[in-house]
Amino acid sequence: MIELTNASRWYGQVIGLNDVTCTVPAGITALLGPNGAGKSTLIKLVTGQLKPTTGQVKVLGQTPFANGRVYRRMGYCPETDGFYEDMTGREFVTMLAAMAGLRGEELAKRVAEALHIVGMEQSADRKLGGYSKGMRQRIKVAQAIVHSPDLLILDEPLNGLDPVGRHEMSELFRQFGRQGKCVLISSHILYEVEQMTSNILLLYRGRLLAQGDVYQIRALIDRHPHRVAIRTDNPRGLAMALLALPCVLSLRISENGTKQLELETRDPEAFYSQLPDLVLAGGFHVTGFESPDNNLESVFRYLTQG
Amino acid sequence: MALRHANGSKPQMSDLYLFRASLRDMLRPRRVAAAVLLATLPVALAIAWRSTTPGAAFNPGLVYNIMAGGIVFGFTLVILAVLFATGVVSQEVEQKTIVYLLTRPVSRARVLLARFAAAAVTVTAIVWVSCVLVALVAYGPADIAQSRLARDLLVLPIGVLAYGSVFLLAATIIPKPLIYGLLFAFGWESWVAMIPGSFQRMSIMAYLRVLAPHPQMATSERGPAEMLQALNPETIAVHTAWLVIAALIPVALGLALLAFSVREYAPKDDAE
């Protein structure tokens with residue numbers, strides 16, 4: 001639904017986005033990167049607020065800049081906290097819904113629905129100036145979904161929300177993704193993002209560093225061995241048995257009495273295929289098993305910090 | 001689900017919402033307070049003049065022409081046009097609400113026109129009220145028909161549109177339009193009429209003064225500026241003034257709409 005081809009964007013002498021080529025399919029895609037990575041620039045290009053200096057940006061097959069045909073099918077929740085402070089939440093969402101083409105009874109109905117979905121129906125008739133950060137965030141999401149867009153662009157939508165709000169919004173975005181809509185989410189909160197999707201676009205210093213499924217990306221990062229933690233009744237015995245596996249690089253038994261051992265491997269696929277036989281043969285009782293660095297945060301850290 | 005959305009030049013519901021929201025934005029308490037202050041300045045001066053002048057010596061025509069022609073036309077109209085017309089774009093950018101307006105399926109031209117219309121209505125209302133109050137103070141309700149009020153009420157909105165469209169154009173193409181607008185309004189516009197030759201033809205105020213003359217200003221006590229103006233023999237015909245103003249408004253407005261449709265207006269502090 002979104003396609004960037006060698007897209008670059010300069011701000012005078014400073015480059016915001018450097019020769020990025022990627023596609024964003026239907027479903028949820030997380031746009032990640034540290035501050036200054038180019039996330040906001042990419043979002044501004046996709047939402048047609050900026051034009052690429054070189055290259056091409058296509059959204060729903062069209063150039064997005066000032067393109068009403070694209071905006072009709074796009075919902076955008078900006079990161080900026082700008083509002084018409086004297087308006088009520090309902091007036092704000094109603095105005096933007098009207099600008100999206102809704103009218104008459106349909107307009108009022110959809111506005112009420114959107115406010116209900118984001119949990120703002122009780123406070124909708126208060127002025128925006130008196131809203132908390134979380135309420136403002138919810139209203140921004142309401143205006144983005146009010147016209148049932150096929151494409152939802154969300155710039156830091158979880159900022160300022162309490163844990164309950166984050167959970168509710170994450171569930172809402174997941175629902176959009178399940179409906180086959182394209183949801184592009186920029187966020188710093190990696191744990192929340194990981195609950196929503198494993199599909200990522202990782203930007204760093206204006207360049208696209210990685211794209212695709214986070215677990216596949218993790219598997220491709222060779223320079224950092226995969227860590228595996230196993231809890232068992234006999235960590236020393238299991239450690240002895242594991243040392244026989246050529247794919248195991250190192251082993252460490254936890255000293256804090258948790259009966260856990262942690263190992264590193266460069267070939268997780270071979271390790272995971274041999275582990276069950278080894279456990280059964282030794283009669284070990286395994287009570288827990290996890291891969292502490294097979295997650296978004298580790299991938300993010302490994303790729304951006306080396 | 002894609003929504004049906006009628007395109008074309010017919011007014012749409014979104015225009016009304018946008019106009020209303022813009023009007024509300026223009027009428028923020030601080031802005032209204034400043035506008036009321038500007039609108040009441042000539043009224044207060046007229047009241048002071050009337051109360052300090054003995055009855056027989058009081059010349060209502062002179063008072064009205066100086067207050068309406070000098071202050072309402074020459075100052076209030078211009079400064080309000082600068083403030084409100086440049087705010088049409090820059091205020092949206094500064095308060096970062098422009099992202100909402102520019103990512104909706106409404107053409108940028110409609111967005112700009114709706115906001116400009118709100119600004120023009122607001123400024124016109126303020127200068128009308130100011131002018132009417134000055135006429136009431138100078139002539140009193142019974143003799144108000146003797147004043148040039150009717151003509152002024154016709155020309156004021158034209159002046160608002162003329163100045164407004166020029167400042168709107170500036171707001172769409174240059175950064176810090178307010179500063180340049182003020183320099184133009186109170187630098188160029190004030191002094192160009194005193195330059196010998198045809199330079200005054202490059203001043204909007206020169207044409208407005210032809211459309212809404214306040215002749216008694218010229219017979220009042222002359223300062224150096226008025227004397228310099230009197231040395232300038234160049235005159236503009238009324239039909240020329242109508243033609244120039246009638247051409248200026250659509251040209252400036254059209255260029256502003258064009259610029260707004262193709263330029264980027266992302267809030268700066270978000271740009272990486």
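Visitor: Which residues does Val99(B) touch, not counting residues up to four places away in sequence?
Guide: This is a predicted model. Val99(B) lies in helix α4 of chain B, residues 98–102. Its contacts include a residue of chain B, Pro267(B).

Visitor: Is Val99(B) buried or exposed?
Guide: A residue counts as buried under 20% relative accessible area. Val99(B) has a relative accessibility of 3%, and it therefore counts as buried.

Visitor: How far apart in space are Val99(B) and His239(B), C-alpha to C-alpha?
Guide: Along the sequence, 140 residues separate Val99(B) from His239(B). In space, the C-alpha to C-alpha distance between them is 43 Å.

Visitor: Which residue is the bridge partner of Tyr76(A) in β6(A)?
Guide: Strands β5(A) and β6(A), the latter spanning residues 151–155, pair in the parallel sense over four bridges. In β6(A), the bridge partner of Tyr76(A) is Ile153(A).

Visitor: In what order do the six strands of the open sheet in chain A stand, and which stand at the edges?
Guide: The pairing in this sheet is mixed, and the order is β5-β6-β7-β3-β8-β9. A strand at the edge has a single partner, so one side of it is left without a neighbour in the sheet. The edge strands of chain A are β5 (74–77) and β9 (207–213).

Visitor: Which helix packs on the sheet, touching β5 and β6 of chain A, and what angle does its direction make with that of β5(A)?
Guide: The helix in contact with both strands is α5 of chain A, residues 133–145. Its direction and that of β5(A) make an angle of about 170°.

Visitor: How many residues of each chain are in contact across the two chains, and what area is buried between them?
Guide: From chain A, 51 residues are in contact with 39 residues of chain B. The size of an interface is often given as the accessible area lost when the parts come together. Carbon and sulfur atoms give 58% of the area buried between chain A and chain B, which is about 3900 Å².

Visitor: Which three residues supply more than any other three of the area that chain A buries against chain B?
Guide: Together the three supply 20% of the area that chain A buries against chain B. They are Arg72(A), Tyr84(A) and Met99(A).

Visitor: What share of the residues of chain B count as buried?
Guide: Chain B has 11 helices and zero strands. Of its 272 residues, the share that counts as buried is 49%.

Visitor: Is Ile253(A) buried or partly exposed?
Guide: Ile253(A) has its place in strand β11 of chain A, residues 248–253. Beyond its neighbours within four places in sequence, its contacts are Pro235(A), Arg236(A), Ala239(A), Gln260(A) and Leu261(A). Buried means under 20% relative accessible area. The relative accessibility of Ile253(A) is 21%, so it counts as partly exposed.

Technical notes
Residues are numbered from 1 along each chain as its sequence is written. Chains are lettered from A and ligands numbered from 1 in the order in which they are written. This is a predicted model: local features need pLDDT of at least 70, side-chain atom pairs count only at pLDDT 80 or more; totals for chains, interfaces and linings use all residues. Side-chain values use heavy atoms; hydrogens and water are left out. Helices (H or I, at least four residues) and strands (E, at least two) are DSSP runs, numbered from the N terminus. Buried means under 20% relative accessible area, exposed over 50%, partly exposed in between (1.4 Å probe, protein chains only). Two strands pair if DSSP finds at least two bridges between them. Contact means heavy atoms within 4.5 Å. Axes are lines fitted to C-alpha atoms, for helices over the stretch in contact, and angles run from 0 to 180 degrees between N-to-C directions. Buried area is the accessible area (1.4 Å probe) that two parts lose on being put together, summed over both.
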